[in-house]
Amino acid sequence: MKRVLGIALVSILALAGCGIQPTGVVPAGNAPAGFQLGTPRPQITLYFVYAGQLSPVQRAWARDATPTTVLTELFGGPTALEEKEGFYSMLSPGRHVTVDTSAQPVTVTVAESMKQLYPIGLQQVVCTVSASLVASGQSVERGITVVASDTKLESLYCN
């Protein structure tokens, strides 16, 4: 018992004599903001399917991000890494697409049958174009019109 009491007393004295004196708050400037080099790379948003649900994927993008180029990238399918993570597409790769933003509603023309697009592939197209338009400051207020090889659907929104 004396030994335990002795160890406790030595421990208390050691802690009390460490030499650090209490102080008030010392101003040291702003908190660190993180490590950054240069400017952030622009990104585009593509919609792929993950676990049966539509899911956005962010990609770094160095080129002009027009709705047509972004949609062409979507039809290129997920990257190998995105596929490894579980993303896939309901769109046939390499299809020709155009986006006419000169009138409202914006019109997307796809060289694909609506039977092949509907429903998830169609949502991939509408959501990707909507994200591209919003990112460039354009309105999607009147929806998107999609013209496929066999039909035309109007006033579509990303939901």
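**Close-up views of a predicted model**

Of the 159 residues of the chain, 29% count as buried. The structure shown is a predicted model, and the legends below describe selected parts of it.

**Figure 1. Overview of the chain and its confidence.** The chain contains five helices and seven strands. Read from the N terminus, these elements follow the order α-β-β-α-α-β-β-β-α-α-β-β. The average pLDDT of the chain is 84, and 74% of the residues score at least 70. Confidence is lowest in helix α1 (residues 2–16), where the mean is 55. The highest value, 98, belongs to strand β3 (residues 87–88). Among contacts with a separation of 6 or more, 57% are between residues 24 or more positions apart. The chain exposes about 10,700 Å², and carbon and sulfur atoms supply 59% of this area.

**Figure 2. The salt bridge between E73 and R59.** The whole structure holds five salt bridges. One of them joins E73 to R59, with the closest N and O atoms 2.6 Å apart. E73 lies in helix α2 (residues 67–75) and R59 in strand β2 (residues 53–60), so this pair ties together parts that are 14 residues apart in sequence. The two partners can be described by their accessibility. E73 has a relative accessibility of 24% and counts as partly exposed. R59 counts as buried because its relative accessibility of 8% is under 20%.

**Figure 3. The salt bridge between R59 and E82.** The side chain of R59 also meets that of E82 in a salt bridge, at 2.7 Å from N to O. R59 belongs to strand β2 and E82 to helix α3 (residues 80–84), so the bridge ties together parts that are 23 residues apart in sequence. E82 is buried, with a relative accessible area of 7%.

Figure 4. R63 is located in the loop between β2 and α2, whereas E73 is in helix α2, so the pair ties together parts that are 10 residues apart in sequence. R63 is exposed, with a relative accessible area of 56%. Through shared partners, salt bridges join R59, R63, E73 and E82 into one network.

**Figure 5. The largest nonpolar core.** In soluble globular proteins, nonpolar side chains tend to be buried together. In this model, the largest nonpolar core has 27 residues. The residues with the most contacts inside this core are L71, V108, V129, I144 and V146. At least two core residues come from each of β1 (43–50), α2, β4 (97–100), β5 (106–110), α4 (114–117), α5 (120–135) and β6 (144–147). Helix α5 provides the largest share, five residues.

**Figure 6. The surroundings of V108.** V108 is one of the residues with the most contacts inside the largest nonpolar core. Which residues does V108 touch, not counting those up to four places away in sequence? The residues in question are L71, T98, V99, V125, V129, I144, T145, V146 and V147. Among these, L71, V129, I144 and V146 are also listed with V108 as having the most contacts inside the core.

Notes:
Residues numbered from 1 in each chain as written. Predicted model: local features only at pLDDT ≥ 70, side-chain atom pairs only at ≥ 80, totals over all residues. Heavy atoms only, no water. pLDDT = per-residue confidence, 0-100. Helix = DSSP H or I, 4+ residues; strand = E, 2+ residues; numbered from the N terminus. Salt bridge = Lys/Arg side-chain N within 4 Å of Asp/Glu carboxyl O. Buried < 20%, exposed > 50% of the residue type's maximum accessible area, 1.4 Å probe, protein only. Core = buried A, V, L, I, M, F, W, Y, C linked by side-chain atoms within 4.5 Å. Contact = heavy atoms within 4.5 Å. Areas by Shrake-Rupley, 256 points an atom, 1.4 Å probe, with all protein chains shown as cover.
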